[in-house]
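Good morning, and thank you for making time on the agenda.

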Amino acid sequence: MNMKGYMGKLLVVDLSSEEVKEEPLDSQWARQFIGGSGLAARYLYDLLSQETEPLGPENPLLFMTGPLVGTRAPSCGRYVICARSPQTGIWGESNIGGFLGPELRFAGYDGIMIRGQAAKPVYLFIKDGQAELRSASHLWGQGSYKTQEAIKEELGDRQVRVACIGEAGENLVKYAAVMADAGRAAGRTGMGAVMGAKGLKAVACRGRGPIPLANRQAFTEMARAALLEVKDDITTQILRQTGTAGSADYFALLGLMPNRYFTQGSFPEAEKIGGGAMAETILVGVSGCFGCASQCGRRVEIAEGPYRLGETDGPEYETVASLGSLLLISDLEAVSYLGYLCNAYGLDTISTGVTIALVHYLYQEGIISEQETGGLKLRWGDPDPVIQLVKMIARRQGFGDLLAEGALAVAQHYGVGDWAAQVQGLEMPMHDPRASAGVALSYLTSPRGACHNKSDMYLVDVGRIMEEIGVAAMDRFQEEGKAEVVARHQNWRSVCDALITCTLMNVPIQGLVDMLNAAAGWDVDLEEMMTAGERIFNLKRALNIKLGWSPEGERLPPLFLQPLEEGGTGGYVPDVERLLLDYYRVRGWDRETGKPTAEHLRRLGLEDIARDLGESV
Amino acid sequence: MIEFATDEWAEAFMGVINESEAYAQAAKTWEGDFYFIVEAGENIPQPIYLYVDLWHGKCREAFATTDPSVKDPVFRMSGSLENWRRVIEKKLDPIQGLLTRRFKLKGDMVKVMRAVKAAQELVNCTTLVSTEFPE
C-alpha cells in the first residue's frame, strides 16, 4: 500500500494468544476520519457494544497517531489512546504529548490495536517494523518513572520511548493514567486501568524510518512558515516562560480557576501556586514534546523540607488547580509533590483532585467522619492527608478503594450523587462552568464527559478567537449564539485531535490544512476539513449511543447551578436547557433521544452508522 | 478632552494612576517601565511611543515621543490606534488583545502573567482620562 502521509499499517497485538501481526490501514476511513481519535473511533465503532466489559479482554485498546505526527509540522508530536472507558462506560480517549507517537510512525505504524489479556504481565516492544511481547513481571508494582528507566536500561537504548502504567493502572483505579516521557500523561477516562486489566505494563518504541510525504518540498516550506508564525505567537512565549500554569493568576481573576470544591468564588493565595510563582521559586528548567517551540513542560526541584524532590516534572495548570486551589492548598512545594506522586503512581490529577476535594467537602458537611477515612482528619489547605489519600487511592488501600472508583461513585455511596462534580461520570476539569457559558456547553456535550479539551472554550471565551472557522469574539457569559460557536469549535478540535496537533499552540489553521494536503496528496479546503471534524464528532456521539449513553447524563450537577457570591463569575449560572436546546438545533440532533438524525448522518457520509443506529436512510 | 498619545494625555494618565488606590494595591510589587506603542496607520503618520514608568503601584514618569531611542523600557506593547481605542473604551481586555494577536508584547511574560489584576486596574485608569482620538 502506498498511502502518502500515512505509514499505511496498524500493528495488531492479541495479548491472549501472544500473536503480533500487521494490518493495512483502512485508506477509505483515513480519508473520512483523518487519523487520531477520529480514525480510532471508526475502528472501535465496529468492535464495541454495550456488552463490552471495559476492563475485560474484549475491550480493544488503540494507540493512534495522525498524518502530521512526527513530521516537521510544528507541535504535531502527539498520539491518542482510546477504548471504552472504565470510568464512564462511554467513549474513552486521552491525548498525550512527548515522543512516542513520532517514534511509532518512524517504526512504520500509524497505530497499535491491542486486544485480549495477558496471562502474565508483559510489555510490547516495537522497533523498526518488528514487534515482540516481553515479560514485565519484574516491573509489576513499579512506579511510572522507574518503569520507564528500567525498560530503557533493559533494552540498552536511551532513545527508546516508553508509555507505561504505575501502580494505579495495575490496581484498576478507574482514572488511572498512561505515563510517558517522564511525566507526560494520558490522564483522562482511565486508559491506564484498561492497560492494567490487560496485563500490559508498557509500550516501548523506537523507529528510524522516514514518513512518506506526497510533496516533501512544499511540505517543508509550509512547515517552516508555520513554525515562524508559531514562534512569534504570544501564546508560545507565555507557555515557554510560565508553562500552562502561567494562566492560573488570570483564570483566578476571571473565576475560572475553582476553589474549595467549586464552592468558593475566589482564593487570593492562588497567586502562590501559578506558573509565575513557580518561575520565581522552584523552576530549574523546561521540557517539551517532539517538534514544539513552546517547551511548556516544567522542571522543578525542591532542595529541602517535607516535600523535597530531586529534579522532576513540575505541575501544569490542571494540577495546580486540582491539587491546589480546589483543596485551598497554597503551598507550591506541596502541590508539586502531589503532582509528582500522581505521575509516579499513574493517576489523572484532575479526577484525583476532584475526588479528594469531594471527600473533604463531605467530611466538612459531617457526611463522613474519621472512621471512614481511616483516621485522617481532612482540613482545607492541609496537604498531608491529601498525600496519604493519593497513596491509598493508587494502592486501593482502605478508604482509598472507594475513592479509586471516582467522584460519582463516592457521592453515590454516601447517598449524595448530585454532589459529585462530574458530567457523564468524568470529573470536572479546572475551569468553572459558571465563569463561561461556552465552558458549560462544552462540558455538557463533550463525547467523553466533562472535558476541557474537546472544545477549549475556556480560552475562546477569554479571547482566543478563530475567525477563519467562525469562532468569533463573544462575551463569556453570553448564551445567545454560543451553541453555534461551540459546535464549530468542537468540529475544528476534532480535526486537531485527528491530525494530531497540540491545541494549546496557535498553529495556523490554514497552514494545517495545507500541510495535510502536502503530506497526503489531498486537495481539501478548510470547509471540507470542518465537515470532517463534524463527521468525527457525530461518529463519537453515535458510538456513545451504541454504548448506552442517554440524555439524562447530559446535565450539570446542582452544585453548578448555585451562583458564587463573590469572585470572577459575577454570580452567573448557565441556563443549561437553553444552551442545550440551541445546541441540538445547531447540531441537527434529536433532543429527546440525543441521536443525530438520519438526514444529518447521511449528509456527513455516515449512512452505515445511521443504519446501525436503526435510522432509515 | 485630551488628545490620545500626546504628552498632555500621558501626564493626565500619570495623574489618574497616582490617585488610584485600586491600582496602588494591585500593582504594589510591580517594577517595570513600558513603551505603549501606537503603530503607524491612518491618522498616525509615524509610530508614537507612550513611555510609562510604573513602580510599586505608582507612575514615576510618563510622556509621548516619536523617537524610540529616548528610553529603553523593559516592556514594549504595540498595537493599532483602533485597538488601543477599544482597550481604553473597555471593549477589549488587554490580555485578550494579546491572545488574539491584536497586540504584541515584548518583555518578561512571567511578570506580565503575574500582574493581570494590575493590568485591569491600569485600563480602569485610562478610562478616567477624558480622551479624544484622532478621527
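Which residues touch the most other members of the largest nonpolar core? Before answering, a note on conventions: this is a predicted model, in which local features need pLDDT of at least 70, side-chain atom pairs count only at pLDDT 80 or more, and totals for chains, interfaces and linings use all residues. Residues are numbered from 1 along each chain as its sequence is written, with chains lettered from A and ligands numbered from 1 in the order in which they are written.

The residues in question are A:Tyr123, A:Val178, A:Leu347, A:Leu358 and A:Met515, in a core of 265 residues. By nonpolar core I mean a set of buried Ala, Val, Leu, Ile, Met, Phe, Trp, Tyr and Cys residues joined through C-beta atoms within 7 Å. Buried denotes 20 or more other C-beta atoms within 10 Å of a residue's own, exposed 12 or fewer, and partly exposed in between, with C-beta atoms placed from the backbone. Helix 12 of chain A gives the most to this core, with 10 residues. Helices here are DSSP runs of H or I, at least four residues, and strands are runs of E, at least two, numbered from the N terminus.

Helix 12 (residues 332-345) also packs with helix 15 (residues 383-395) of chain A, at about 5 degrees and with the axes 10 Å apart. The axes are lines fitted to C-alpha atoms over the stretch in contact, and angles run from 0 to 180 degrees between N-to-C directions. The two helices are therefore roughly parallel, a term for angles under 35 degrees. Contact means C-beta atoms, placed from the backbone, within 7 Å.

Turning to the chain interface, 18 residues of chain A are in contact with 14 residues of chain B. Helix 8 of chain A gives the most to its side, with 6 residues.

Finally, the backbone. A cis peptide bond, with omega about -5 degrees, joins A:Leu499 and A:Ile500; A:Ile500 lies in the loop between helix 20 (482-499) and helix 21 (509-520) of chain A. Phi is positive at A:Arg260, near 45 degrees, and at A:Arg396, near 55 degrees. A:Arg260 sits in the loop between helix 9 and helix 10, and A:Arg396 in that between helix 15 and helix 16 (400-403).

Technical notes
Contact = placed C-beta atoms within 7 Å. Parallel < 35°, antiparallel > 145°, perpendicular 65-115°, else oblique.
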